[in-house]
Amino acid sequence: SRFMDLPTCELPKLGEIADLVTSVRLSRIRKGKLALALRNEGYIPKLLQLFRVCERVKNTEGLHLLFDIVRGILYLDKAILFEVMFSDECILDVVGCLEYDPCLAQPRWHRESLTKRAKLQEVIPTRDPELRQKIHQVSRAQYIQAIIMPNPSDFEEGFLSTLNSFISSSKEEILRGLQQDEEFLPEIFAQLRNEATAGEQRCELMKFFKEFCAFSFTLPEKRDEFLQTLAKLGFLPTLEMLMGVDDLQVKSAATDILSYLVEFSPAMVQEFVMQEARQSENDAQLIIEVIKQIIGSPDPEFGGDNQLMEILRALIDPEKMLTIASNLEIFEFLDIFYDHYIHVLTAPLLADTSEEWHEIVHYLIFVQLKALIYFVDNYQTAEILASVLELLSFCVERHKYHMKIYIMNKDLLRRILVLMKSKHKFLALCALRFMRRIIGLKDEFYNRYITLGNLFEPVVNAVLDNRNRYNLLNSALLELFEFIRMEDIQFLIAHIVENFSDALESLKYIHTFQRLKTKYEQDKDRQNEKPN
């Protein structure tokens, strides 16, 4: 038989129907036959009518069976059924069935969410009714895909491939239609920039535009044209403004879009940043907005977001700038960055400390360092400082000349090494890594700065405090001294041995310090043997 015989669609048969839908899952042929039978007999609308009856009389067992049946029909992954289930007539009852998961104590609120989403999507400025209908259809399909998709370990490769293809092809159709509408993008940007736009409306527009961008960037043949359109319409100033709004969802979507732009067209963003740096005198600049979000967000998860860190790295990376600028222009940009921007990044580190640090007496230094240690005992602050230190370590490596001047002018390493006393070991480790990055450059000026400032003292104290502990911090401390010995940085070896050998004498079981002392004595003997 070409078709499959279906049980009568009535309440007493729901268990039998559920067993039938489940039984065909592993057979491609039987899945096809069942899909044809369901469509040809108009079975889905009948099932949804039973759902309305069960919900009205509060038949919990029937509702649980209908959840299994409707989810099982969606798992058949047949386009001929999606056309029925995603239609205006059926969609709310379909998601209604999916509210009654027998594994959950309380039903979900899918219909309410979907209705609210559809209402908010009315703000999308397209005048083509067919295109608007297609947008709604894709939104429904994506919503259902999200709620029925099991854990990755529970399904095989290619699971729901037809549904994925349906969504992808519909998105391409929407993209073509929207790109042909010359008023669409300008209208979206105008609404996003307009202060009178309601919060929910702006949020929904941003979500839609983020998805629109994400899909556009995955199509190489459309990407360049789309980027040119964005540049022509001046989208980056709009994005900069949106990153500064109070709405976390809008801010997050704007950050995602900026991340896409940095990934697929870094030159466009860098060129905009360099132009802003030359022309703008105020604080409302894209690079400042990114830094502020890294260090100043009230939401620690958002504030420490790796995505923002990657964006900032890309924006200030000289190697990536070479595609759009000469060496002289890059040097000029870094001058501007260190004159106008880096103080925003280092503000949390320099908090509660004097600008004239090097002129303060030792007692006041001690008091202020104690205050800073107390300040960073807050976990959220410690996370932010760890992010800042990671970025500053990047600057040490990529901006050698500019960063060296900044570190010495601000006595920055001394302030950072205060964090070695933090109770948060991950922060102490970040401070040590910053020093390790500096020493790794084997720069004579840095070495003299470290020795003249006696900046190994907090590091040696950390070694003594961690003497009987085996953790990442202890390993990193030993690796630092081992690196100095292996690279034969004589200036630092002499400083360590002459100033800290007595303190390290108690750590005879750590061979690194004994070897440092031996190397120092060998170097001294060789120097004594040389004629004057």
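## Ser 87 and its loop

Ser 87 sits in the loop that joins helix H5 (79–85) to helix H6 (91–97), where helices are DSSP runs of H or I with at least four residues, numbered from the N terminus. This is a predicted model, in which local features need pLDDT of at least 70 and side-chain atom pairs count only at pLDDT 80 or more, while totals for chains, interfaces and linings use all residues. Residues are numbered from 1 along each chain as its sequence is written, and side-chain values use heavy atoms, with hydrogens and water left out.

Ser 87 counts as buried because its relative accessibility is 15%; buried means under 20% relative accessible area, exposed means over 50%, and partly exposed lies in between, with a 1.4 Å probe and protein chains only. The side chain of Ser 87 reaches the backbone oxygen of Val 84 at 2.7 Å.

Asp 77 is found in the loop between helix H4 (60–75) and H5, and Asp 77 counts as buried because its relative accessibility is 8%. Asp 77 and Asn 164 are 87 residues apart in sequence, and their C-alpha atoms are 9.4 Å apart in space.

## Aromatic pairs

A pair of aromatic rings is described by the distance of the centres and the angle of the planes. Rings of Phe, Tyr and Trp (its six-membered ring) pair if their centres lie within 6.5 Å, and planes under 30 degrees apart count as stacked, over 60 as edge-to-face and the rest as tilted. The whole structure holds 22 aromatic pairs. One of them is the stacked pair of Phe 82 and Phe 86, with 5.3 Å from centre to centre and 5° between the planes, and both Phe 82 and Phe 86 are buried.

The pair of Phe 337 and Tyr 341 is edge-to-face, because the ring centres are 6.1 Å apart and the planes stand at 65°. Both residues lie in helix H20 (residues 327–350), 4 residues apart, which is about one turn of the helix. Phe 337 counts as buried at 0% relative accessibility, and Tyr 341 counts as buried at 2%.

Ring pairs also link residues into a cluster, including Phe 184, Phe 189, Phe 208 and Tyr 260.

## Charges over rings

A charge sits over a ring if NZ of Lys or CZ of Arg is within 6 Å of the ring centre and within 35 degrees of the ring normal. Arg 436 lies over the face of Phe 483, at 3.8 Å from the ring centre.

Methods. Helix = DSSP H or I, 4+ residues; strand = E, 2+ residues; numbered from the N terminus. Polar contact = N/O pair within 3.5 Å; in protein donor to acceptor, adjacent residues only side chain to side chain.
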